[in-house]
Amino acid sequence: MEKNMTDKNLTLKNPRKEKRLMIWDCVWFGHYMQSNTLGEKEPIKWRVLSVKGNDAFLVADKNLDLMPYNMTKDPVTWESCSLRSWLNGYDKTNNLCEIDYTGNGFINNAFTTEEQNAILMTELVNEGNLKAKISGGNNTKDKIYILSYEDVTNDSYGFAANDGKYDEARGPKHTAFVTKGGSIQKKPYIHANGKLDWWLRNPGEEQQYAMYNNSIGYVTKSG
């Protein structure tokens, strides 16, 4: 997501290497369940992927929730999947599953009205899967969204440019809330290294699949 940073006392920098270590500036913004499932929310830590003027491109430092890309196995694009609607609190007309997330999406549960107003509406170019020749669908305008293949192979954001290379930056750890099943209360398989796979917007080798980063930072383009 992109956020307007208007605090004159806050100076953020783009990702950079220091002594062979990749360094990201971080901000705390919004609140979400993390260390427990009792409904007590804690500040969310975000990594700064890029800074342009007062605008900062942010990604959560940890997996915050457990959610399918789409609630059914029907062919979808980012535009029509249920995950996009859940993240942004869209109504049933915005996803193929016709699920109404109005007032009950991630954005509503994680951010106050004032905080939501600080999140910029971003026009997303939804690239496809070039190898499989699968379309990524229409461009969309969203406040909250997951990263794309193009994002996680962009070295200016602090990621490895090689999608088949081990990359710690592409394998964030999960929260305790996710370990216990997150919003859908389905306990996921947690890898021995304490990480989970995480979704990308691009389609996989078929339209009902989506690309993802695996637990050790490789991009799985088959989906």
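Before you start, note that the model is predicted: local features need pLDDT of at least 70, side-chain atom pairs count only at pLDDT 80 or more, and totals for chains, interfaces and linings use all residues. Residues are numbered from 1 along each chain as its sequence is written, and side-chain values use heavy atoms, leaving out hydrogens and water.

**Stop 1: the sheet.** Select residues 41-52 and 55-60, which are β5 and β6, an antiparallel pair with six bridges. Strands here are DSSP runs of E with at least two residues, helices are runs of H or I with at least four, and both are numbered from the N terminus; two strands pair if DSSP finds at least two bridges between them. Now find Val-51, opposite Ala-56 in β6. The open, antiparallel sheet has five strands in the order β4-β5-β6-β1-β7. Its edge strands are β4 (26-33) and β7 (119-120).

**Stop 2: the rings.** How many aromatic pairs are there? The count is ten, taking rings of Phe, Tyr and Trp (its six-membered ring) with centres within 6.5 Å; planes under 30 degrees apart are stacked, over 60 edge-to-face, the rest tilted. Select Tyr-32 and Phe-177: their ring centres are 6.0 Å apart and their planes at 85°, so this pair is edge-to-face. Tyr-32 belongs to strand β4 and Phe-177 to helix α5 (residues 176-179), 145 residues apart.

Next, show Trp-46 and Phe-111, with centres 6.3 Å apart and planes at 25°, so they are stacked.

**Stop 3: the cavity.** Finally, select Val-125, Asn-126, Glu-127, Gly-136, Ser-148, Arg-201, Asn-202 and Pro-203, which line the largest cavity. On a 1 Å grid over the protein atoms alone, a cavity is a set of points where a 1.4 Å probe fits but cannot get out, and lining residues have an atom within 4 Å of a point.

Conventions
1 Å grid on protein atoms, 1.4 Å probe; cavity = no way out; pocket = protein on both sides within 12 Å on 5 of 7 lines; lining within 4 Å.
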